[in-house]
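This briefing is intended for reading beside the sequence and the coordinates. Please keep both in view while following the points.

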Amino acid sequence: MTPVYLPWVVMLSYAVAVLASYTALTLAGRLGRSNLVSERLWLVGGAVVLGTGIWAMHFTGMLAMRLPIPVGYDFTHTLLSWLLAVSASALAMWVLRRRRVPGWALALAGGLTGLGIAGMHYVGMLGMRMQPTIRYVPWLVVLSVVVAVAASLLALWLGLRVRQTTLPSRMVRLGGALLLGLGIAGMHYLGMAAARFAPDAVCGASNLIDQNVLVVLVGGGGLTLLTLAWLVAVLDARLESKTARLVDSLQTATAELIHLSNRDALTGLPNRRAFENRMQELTALGVPVTVAFVDLDGFKPVNDSLGHQVGDEVLAEVARRLAALEYPNLMPARIGGDEFVLLVTGEFDRTVLLREADSLIARVREPIQVGRHVVELSCSIGIASAPEHTRTLSRLITLADAAMYEAKRSGKNQALFYSPQMDIGSADLIDQQRDLRRAIGMGEFVLYYQPKVEIATGRVSGVEALVRWMHPDKGVVGPASFIPLMERFGLISDLGRIVLDLALADLKRWQGMGLSLPVSINLSPQQFRREGLAEGIIAHVEGSGIDPAVFTLEITETMAMDDDARTLNTLATLRAAGMRVSLDDFGTGYSSLSVLRDLAPEEVKIDRSFVRDIEHSRPAREMVTAMVAMGQALGMKVVAEGVESAGQVAILRNTGCDQVQGYFYSMPLPAADLVMWLDRQAPSGALLPHGPDATVSSP
C-alpha cells in the first residue's frame with residue numbers, strides 16, 4: 001500500500017514547523033531576562049507551546065498522507081506522543097535558560113531533545129494500530145533520528161545566539177526558524193518515507209479518533225496556541241524594552257533631581273546641603289577645611305525698594321562673581337538669602353587668603369546693572385578653619401558667621417578671621433542653634449490660636465495660628481525671639497512643616513468634636529520664596545484628608561510688593577486648590593493699588609499700629625477708614641488686628657470693617673483652651689454652632 005501526499009498540506013505542515021521554531025526562538029529570548037518566578041513560567045509555557053507546535057506539525061503532516069483505507073488514532077499513543085514532544089521541548093528550554101553552555105552539555109541536550117522529537121513521531125505512528133504492523137526501512141529511520149538530533153542542536157545553538165548576538169534578533173530568529181522548520185519537517189517526512197504499509201493493511205484505530213477531526217483540532221489549536229504565544233512573547237519583549245527605557249529615564253531623572261536638590265535654584269551654586277555634605281566628606285578624610293562666610297552689606301534696602309526680581313538678579317550676579325574666583329580648591333555655595341559661603345580645602349596661607357578675600361570684596365563692590373537700575377553693594381566676610389578653631393562642623397560655620405558679624409560691627413566691607421575674643425557672641429549663636437535644632441527634634445513647638453470675630457454679628461469666623469516655643473527652661477517663647485534665628489540658620493522650612501502638621505492635627509480633633517473652624521497660617525518671606533512651596537503645602541494638606549478650603553495663608557505686605565510671575569503663580573496655585581490668601585500688616589509697606597489689584601487677596605489685615613490710636617487720633621481714624629474703604633472697594637474682607645477695647649470696636653464698626661482680632665476678645669490660646677473659651681462664650685451667641693452638625697460662616 002503506497003501513500004499519496006497532498007502538496008499544499010505538506011507546505012502547511014512546513015509552515016507550522018516554521019511558526020513553532022520562530023515562537024521557540026522568541027521564547028528563548030525571554031529566558032534569563034526575568035525574575036525567577038517569571039523565568040519558570042516562561043520555561044513551562046515555552047515547553048508546552050513548542051512541544052504542542054511540533055506535535056501539531058506531525059499530525060498536520062499526517063493529514064497530508066492519504067491511504068486508500070479509513071485512518072484514525074488511539075487516545076493513549078496520541079497523548080504519549082504529545083508528552084514526549086513537550087518533554088523534549090522542556091529539556092531544550094531548560095538548557096536555554098543558562099547564559100553559557102559547555103559544548104558537551106549542548107551536544108547531550110541536543111541528542112536527548114532530538115531523540116524525544118523522533119520518539120514523538122514514531123509513538124504517534126503506533127497510535128494508528130495498523131494490522132499488520134508498519135515495517136520501517138532501518139537506514140531511513142536512523143537518518144530521520146539524525147536529522148531530529150541535528151535540528152535540535154541547531155535550535156539550541158540558535159537559541160543561545162539570539163540571547164548573545166548583536167545582530168538584529170528578528171532576522172536571526174527568522175533565518176533560524178526557516179532552517180529549524182526544514183529540519184523538523186525533514187525528520188517527519190523521512191520517518192514517513194521509512195514506513196512500509198502492507199497491501200492488505202487496515203487501521204485498527206479508524207473507529208476511535210478520526211484522522212481528519214484530530215488534525216483539524218490539533219492543527220487549528222496548535223496554530224492558535226503558537227500564534228498567541230508568539231504575540232505574548234513579542235508584547236512582553238516590547239514591554240520590557242519600554243520598562244528598560246522607563247527605568248533609564250527614571251534613573252536619569254533621579255540623578256537630575258539629586259543634582260537639583262544639591263543646587264540653589266536661583267544662582268545654580270551648591271546649596272547648604274551640598275556644602276555641609278562636602279565638609280563632612282573632607283573632615284572624615286582628615287582634610288583641613290576653612291569656611292569663609294560672606295554676607296552682602298545693604299542688600300535688604302535694595303530688595304525692599306527695587307523688588308525681589310531686581311534682588312534676585314543682584315544675587316545671581318554676585319554668585320557668578322564668586323564662581324569666577326580662581327583660588328585653588330575653592331567651593332562657593334549659597335546657604336540662604338544674601339548669605340554665601342566659601343569652602344577652602346587643605347592647608348592655606350592666611351595672608352594669601354585674606355588677600356583673596358579683599359579681592360572678592362572689590363569684585364562685589366563693582367556696580368551691578370539690572371535693567372535701568374545700577375546697584376552698588378559691599379560685603380563682609382568672616383573666616384574660620386578646622387581643626388585650628390574647632391573640630392565640629394556646625395560650630396565651624398557658626399564661628400565664621402560670628403567673625404562675619406564682627407566684620408559688620410567693625411565697619412563692614414572687610415574680612416576678618418575668627419578670634420577667641422568673638423566667643424561671647426558666637427557662644428550664644430551656637431547655643432541658640434543647638435536649642436532650635438533640639439526643639440525641632442523634640443517637638444517643643446506648639447500652636448496658639450487667636451479668634452477672628454465678625455464685628456457685625458459677634459460670631460467667631462476663624463482663628464489665626466501663632467507658633468510658640470515651649471522652652472524647657474524659659475517657658476513659652478514668642479515667635480519674635482526665634483523666627484529671625486530660624487531664618488538665619490536655614491531652619492524656617494522645617495518650622496513651616498511643623499506648623500502645618502500641628503494645624504492639621506488640631507483640625508482633625510476639632511472635626512471629631514463637631515467643630516468646623518477655618519485657620520490662618522503665616523508664611524515667612526524666606527519660606528514663601530522657596531521653590532515648590534505651593535505644591536508642597538497642597539500635597540501635605542490633601543494627604544491629610546483636610547479640605548484645603550479651611551486654610552487662609554497670610555503673607556506680609558512687603559512680601560506681596562514683588563508682583564512678578566513667580567509670586568502670582570504661587571498664589572494662583574494655592575487658590576486653585578481652594579485656599580485663601582490674606583495680606584498681613586496692611587498699611588506698613590509701600591504696596592500700590594495696582595499691586596493689590598493684581599495680587600487680589602481675599603482678605604487684608606490692618607496692622608495693629610494703626611488700630612492702637614484710633615480712639616484718640618483723628619488722623620489715625622481717617623487712615624483706618626480709608627484702608628477699610630480701599631480694601632472693600634477691591635472686593636476684599638478687612639480685618640483689624642490688635643483690638644483691645646470696646647471703643648476701638650465701636651469705631652471699627654462705624655468704618656464698616658468686617659472682622660476684628662485682638663485681646664479685647666481673647667489672647668492667643670492653646671487648642672484645648674480655645675475650645676473651652678468657645679464653650680464659655682456660647683450663651684452670648686458670639687460663637688459658632690457647636691455639635692455634630694456644626695458649621696462656620698466663613699468670611
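This is a predicted model: local features need pLDDT of at least 70, side-chain atom pairs count only at pLDDT 80 or more; totals for chains, interfaces and linings use all residues.

Residues are numbered from 1 along each chain as its sequence is written, and side-chain values use heavy atoms, with hydrogens and water left out. The chain contains 24 helices and 25 strands; helices (H or I, at least four residues) and strands (E, at least two) are DSSP runs, numbered from the N terminus.

**Chain as a whole**

- Of the 699 residues in the chain, 50% are buried; buried means under 20% relative accessible area, exposed over 50%, and partly exposed in between (1.4 Å probe, protein chains only).
- Among contacts between residues at least 6 apart in sequence, 75% join residues at least 24 apart, where contact means heavy atoms within 4.5 Å.

- Helix H10 (residues 308-323) has 16 residues and spans 22 Å from its first C-alpha to its last, close to the expected 22 Å at 1.5 Å a residue; the expected span is 1.5 Å times one less than the number of residues.
- The buried residues of H10 include Asp 312, Ala 316, Val 318, Ala 319, Arg 321 and Leu 322.
- Helix H9 (residues 299-306) packs against H10 at an angle of about 140 degrees, with the axes 6 Å apart; axes are lines fitted to C-alpha atoms, for helices over the stretch in contact, and angles run from 0 to 180 degrees between N-to-C directions.
- H9 and H10 are therefore oblique to each other, given that angles under 35 degrees count as roughly parallel, over 145 as roughly antiparallel, 65 to 115 as roughly perpendicular and the rest as oblique.
- On the H9 side, Phe 299, Asn 303 and Leu 306 meet His 308, Val 310, Gly 311, Val 314 and Leu 315 of H10.
- The residues of this contact between H9 and H10 comprise five nonpolar, three polar and no charged; Ala, Val, Leu, Ile, Met, Phe, Trp, Tyr, Cys and Pro count as nonpolar, Asp, Glu, Lys and Arg as charged, and the others, Gly among them, as polar.

**Packing of H8 with H12**

- The axes of helix H8 (residues 272-284) and helix H12 (residues 393-409) come within 10 Å and cross at roughly 120 degrees, which makes H8 oblique to H12.
- H8 passes H12 in a right-handed crossing; a crossing is left-handed if the near helix is turned anticlockwise from the far one by less than a right angle, and right-handed if clockwise.
- Leu 393, Leu 396 and Ile 397 in H12 are met by Phe 275, Glu 276, Met 279, Gln 280 and Thr 283 in H8.
- By class, the contact of H8 with H12 has five nonpolar, two polar and one charged residue.

**Packing of H15 with H17**

- Helix H15 (residues 492-512) and helix H17 (residues 533-544) have axes that come within 11 Å and cross at roughly 25 degrees, which makes H15 roughly parallel to H17.
- The crossing of H15 and H17 is right-handed.
- Leu 500, Asp 501, Leu 504 and Lys 508 in H15 meet Ile 537, His 540, Val 541 and Ser 544 in H17.
- The contact of H15 with H17 divides into four nonpolar, two polar and two charged residues.

**Two buried residues**

- Leu 50, in helix H2 (residues 36-64), counts as buried because its relative accessibility is 12%.
- Leu 50 and Ser 21 are 29 residues apart in sequence, with their C-alpha atoms 7.5 Å apart in space.
- Val 638, in strand S23 (residues 637-640), is buried, with a relative accessible area of 0%.
- Leaving aside neighbours within four places in sequence, the contacts of Val 638 include Val 604, Ile 606, Val 628 and Cys 657.

**Backbone features**

- Most residues other than glycine have a negative phi, and most peptide bonds are trans.
- A cis peptide bond joins Gln 131 and Pro 132, with omega about -10 degrees; Pro 132 is in the loop between strand S4 (130-131) and strand S5 (135-136).
- The peptide bond from Ala 386 to Pro 387 is also cis, with omega near 10 degrees; Pro 387 lies in the loop between strand S14 (378-386) and H12.
- Arg 129, which is not a glycine, has a positive phi of about 55 degrees and is partly exposed, with a relative accessible area of 40%.
- Asn 413, in the loop between H12 and strand S15 (415-417), has a positive phi near 55 degrees and counts as partly exposed at 28% relative accessibility.
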